Amino acid sequence: MKNIIEQLKKKREKKQQESKHYISKEQIKATAKENNRIIKQMEKQNNRKNVDESEYITQMRDPNNVVEFDNLHAYFYTDAGVVKAVDGVSFDVPKRSIVGVVGESGCGKSVTSLALMKLMAQPTGQIAKGEIRYNAKDGKAYNIAKVPREDMNKIRGKEMAMIFQEPMTSLNPVFRIGDQLDEVLFLHFPDMSKEEAKQRSIAMLKTVNIAMPESIYSRYPHELSGGMRQRVMIAMALLCDPNLIIADEPTTALDVTIQAQILDLLRNIKNDINGSIMLITHDLGVIAEMADYVVVMYAGRIIEKGTVREIFKNPVHPYTIGLQKSIPALSSGEDKLYTIPGTVPNPINLPDYCYFRDRCEKRFGKCDGAYPETVQISPTHSVACYLVDEMKAEIKEKLKEVDKNAKK
Amino acid sequence: MSTLVNELDKNILPDQENNNEKPEVSLADSAKVISPGRLVLRRFFRSKLSMVGLITLALMFAFSFLGPVISPWGEVQPTGDFKWVTSILPHQIKVTEINEDTGLEEVVTYYFSEVSDPYKVYTKTPPSWTHPLGTDQYGYDVLTRLMYGGRVSLTLGFIVIFSEVIIGMFFGSISGYFGGATDQIIMRVVDVFNCLPGLPILMLAAALIDGWGVPARLRIYYLMGILTFFGWSGIARLVRGQVLGIRELEYMTAAEATGLTTSRKIFKHIIPNVMPQIIVQATLGLGGIILSESTLSYLGIGVPFPYAAWGTMISSTSGAEGRDILQNYPNIWVPAGICIVLAVLAFNFIGDGLRDAFDPRMRR
Amino acid sequence: MPKNNNEKVENIVEEKVVKSPLQEKKNKPILVVENLKKYFPLGSSWFQKQKHYVKAVDGVSFTIDEGKTLGVVGESGCGKTTLGRTILRLHSITDGKVMYDDIDLRTISKKEMTKLRPKIQIIFQDPYSSLSPRMTIGEIIGEAVRQHEIVPKEELKDYIIETMRLCGLPAYYYSRYPHEFSGGQRQRISIARSLALKPDLIICDEPVSALDVSIQAQIINLLVELQEKMKITYIFISHDLSVVEYISDEIMVMYLGNVVEHGTTEQIFKNTMHPYTKALLSAVPIPDPDTKKQRIILTGDIPSPANPPKGCKFHTRCAQCMEVCKSVEPKLKEYEPGHVVACHLYPQD
């Protein structure tokens, strides 16, 4: 009898040991309760109807921008805790430019774009703080974060369009390509006739370099290859002549040869539509070829941003440098690939110091302090890293030395 | 400025190398996660409907299994109001007598009545404090019989679904995993079972049992057997479909590539991964089985009188006093009906809740 | 972690080097594939007597020496994945020979194949679907080890933890479930599962395509490290030329089930011959905004393998297509030692 009890005890202890990394029931309950409160409040704001425009009309900081992200916080309120997917992100998308957002999966790059479209998974995903200012075609500036759901439908599609990663699943398999294209047109231009819509759809298919647009118009999605489908998706995005195209990993699922075709197409389109593209990808090669401005994200924050040349020719943040070094370059003849050790921190429990510290090979005493402030290096280039301060100090010292030498 | 920076970072580098101790647990593991089991439970308990189902079912179980312990009456114990009744039995006797007038023999019929010994006749009683739901025409306490009826329905439902799942899973996984001729044979058998019109077949089978003269107490086991026999095909089909899907997943290819035995592949890799769907299907199926059992009992071929079942209790509306009971004594048959509806609804709610809880897309 | 564990694995590694017969006969190739074909039948109906086939792999031959890496490149649909799985006999072999260690994998029985399985392993592309979601990491890695009795039962747990350590996984992951891990960690688990069986040959089917750049580098380094330590041979299937170049000794370029070019890495990159290889190379985006190179952008998509073009299968997309390409299929010919190409641009006789 005693034996049995002891055995049971041991078993229980073992179980507790094993379940140590799981959250206890009570904790989950507490977080869920708190989350429900917050979500309810935010959903109430979101679901309001007939809201006066003045509530979400703002002023662009610079009228030459299409979008301005200003201290955007986008959180997911999950039972395990609040996932700070985007945690204080600020950057601009200037008119007629391609802005590339790079980062590893889970860094918040996709969530940033979903927040802009207000397409975050409801009801857990919410914009907690900050502004997204959008410069519409009619000259008004909307604060997307405050636009209620009802009014957002007018902006989506007509003003900005999105291209997704999976061309296989983003088209509805039971409708013909043409019907799906026409539907978008009817949605935004209700007075358009059927014939007009067809004309426009076919013209758009031609724009994206589809060889026989008339025959593709009456095909079903499964009859097309991945590259073709991605072209159709791009055509769909272009239909309403959007101001801004958000391309979320548009070529990740495609072969290199097809990727080259699609990138070529996107570049031409940018010139045609006279709009901007926000290109989200983890592929630095794609970014280098396409983007004018680059935003590097890590664990929900921007760690470095600048023009494409600044980021690739003169990267400052150790993460940016590491990312670039870890790509196996063609014909480089290296012995061992450079790697950034470790993995991305868990977005639920982010540390109070620099998120990259534990993986950083250049860390030093100062890195134990609070999360580093963003420092401007040039008008377009900014970095959030203590190294910059250090460099500045060194520069000062050097200048002093120069002074001393001069005095001597 | 920026070129300067590039030059400088080379100088700063070497000083930091001694700082390279690794933290105990990496930042990726710094937050606790929700265990998979708890995740499912969370999602299940979040749905209000499934909670309603669960509570209803719990109450029902308590009612059926604890109720009879408390109840002062038994299942087949006449307790209602009764009167002593004597019945008059008319008799006639034919006697051969010699007619005194004619002197001929003739048959004479004598008429007389016999008064029987007084005996109890139970009457239907309306609800009262001693019999909250009254008594039926045999004087049995309706509430107590409702409890016993619940026992039959719930245990029968669980046993049947359990055996159905075992059989269905066995044939379904074999069929899906091996494919080819095995699949063809099993699935055609399943097709045949699906073609059979359920109720008539069940009635036929029940009538057959009647014919065999199976004792009343054992009939419930035969009933279970029949319901299982005609019910496993649905589960088999579901399991087969799931297995076909799982077989194509890469972890199955990996299992094949590591050279695992077939039984291990089926029992360790496939079955645990179809379990959620099976549990959902089984829960939803429970309601159906309770319905079938009730229907059969109603038709008088399920649980036989005097034993109680919800269906049998409703069938009291079709007997000799049926009309009277239907119109004037709803306390006898309505509660049984409500019990059936509640049980089936509860199982469906729970099934739906489970389906949502197991669905990874419902992540929150 | 107790110290003796470390020694144990070192011993295993040592033993392996001594025991392996291949180490002695150095030049003997570990895997010889001759004219391997895999056809998938296409909807054979009752009315159609003649069966149609998708020729996924249509006559592929190569050999790999022990401890080397063969890179297989091509677009999706070129048959590279099918090739890997056919070598493993996860698909039945239609025709040809797959000789592993003098055993013809095509002719041996299922039972013998099961016994051989630990020696040839595979790592998959999708780290999310390649691990059974309802098993702990320890179970996933240890399952096949236990079945093949690679280590005694008592040592199983230590062995698994040691393997996990080799693959850069901390021991406390032992009793966790796959859904708790990121793609890179899962890929490490996959590698550990294969590695625990002490394989000679691992077929890596796009093992890093689904991973982030920084994680990609970690996994590739891990693979290289393991190869050095344990003399494992790799067949590295990928569409990413830069990765293949980095890891491979030899590269084989496939197009619609055929090999179009095969040579050492240097030959393929320095002396690219086939127009398709050239196009593939030039399509790789370079992470440098200043190099704007002249691109050969292939027009159109890869044709359906069910209905491949006549003649040279590449002629529909080839910029240098000639008349002869449209009718005559080019033969593989060796143009420098170890460098074979199938193209009419080069003399065929």
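Student: Let's begin with Asp358 of chain A. Why is Asp358(A) called buried?

Tutor: The cut-off for buried is 20 or more other C-beta atoms within 10 Å. Asp358(A) has 20 such neighbours, so it counts as buried.

Student: Where does Asp358(A) sit in the chain?

Tutor: Asp358(A) belongs to the loop between α12 (318-325) and β12 (374-376) of chain A. Its C-alpha atom is 21 Å from that of His282(A), and 76 residues separate the two along the chain.

Student: What makes Arg96(A) partly exposed?

Tutor: Partly exposed covers the counts between the exposed limit of 12 or fewer and the buried limit of 20 or more. Arg96(A) has 14 other C-beta atoms within 10 Å, and therefore it is partly exposed.

Student: How do you know whether Lys231(C) is buried, exposed or partly exposed?

Tutor: We count again. Lys231(C) has 18 other C-beta atoms within 10 Å, so it is partly exposed. This lysine also has a positive phi, near 55°, and is not a glycine. The loop that holds Lys231(C) runs between α8 (213-230) and β8 (233-238) of chain C.

Student: Now a whole helix. What makes α11(C) mostly covered?

Tutor: Seven of the nine residues of α11(C) are buried. They are Pro275(C), Tyr276(C), Thr277(C), Ala279(C), Leu280(C), Leu281(C) and Ala283(C).

Student: What covers the buried residues of α11(C)?

Tutor: The cover includes α9 (256-273) of chain A. From chain C, it includes β3 (69-73), α9, β9 (250-255), β10 (258-264) and α10 (265-270).

Student: How many residues does each chain bring to the contact between chain C and chain A?

Tutor: Chain C brings 33 residues and chain A brings 39. On the side of chain C, the elements giving two or more residues are α7 (183-195), α8, α9 (241-247) and α11 (275-283). The largest share, six residues, comes from α8(C).

Student: Which classes of residue make up that side of chain C?

Tutor: The side of chain C that touches chain A has 17 nonpolar, ten polar and six charged residues.

Student: Let's turn to the sheet in chain C. Which strands are called edge strands?

Tutor: The open sheet has eight strands in the order β6-β7-β8-β3-β9-β10-β12-β11 (chain C), with mixed pairing. Its edge strands are β6 (120-123) and β11 (333-336) of chain C, each pairing on one side only. From one strand to the next, the twist averages 20°.

Student: How do you know that β7(C) and β8(C) count as a pair?

Tutor: Pairing needs at least two bridges between the strands. Strand β7 (residues 201-205) of chain C is joined to β8(C) by five bridges, and the two run parallel. Within this pair, Ile202(C) has Tyr234(C) as its bridge partner.

Student: What makes Ala115(A) and Ala235(A) stand out in the largest nonpolar core?

Tutor: Of the 205 residues in that core, Ala115(A) and Ala235(A) touch the most other members. Leaving aside residues up to four places away in sequence, Ala235(A) touches Leu181(A), Met204(A), Leu205(A), Thr207(A) and Val208(A). Another core, of 60 residues, lies apart from it and includes Val142(B), Val152(B), Ile226(B) and Leu354(B).

Student: What share of chain A and of chain C counts as buried?

Tutor: In chain A, 46% of the 408 residues are buried. In chain C, 47% of the 349 residues count as buried. Chain A has 13 helices and 13 strands, while chain C has eleven helices and twelve strands.

Student: Finally, which part of chain B has pLDDT under 50?

Tutor: Residues 1-24 of chain B stay under 50, and the model has 28 contacts beyond four places in sequence for them. Where pLDDT is low, the predicted coordinates should not be read in detail. For chain B as a whole the mean pLDDT is 80, and 89% of its residues reach 70 or more.

Terms used: Residues numbered from 1 in each chain as written. Chains lettered and ligands numbered in written order. Predicted model: local features only at pLDDT ≥ 70, side-chain atom pairs only at ≥ 80, totals over all residues. Helix = DSSP H or I, 4+ residues; strand = E, 2+ residues; numbered from the N terminus. Contact = placed C-beta atoms within 7 Å. Nonpolar A, V, L, I, M, F, W, Y, C, P; charged D, E, K, R; others polar. Core = buried A, V, L, I, M, F, W, Y, C linked by C-beta atoms within 7 Å. Axes fitted to C-alpha atoms, helices over the stretch in contact; angles between N-to-C directions. pLDDT = per-residue confidence, 0-100.
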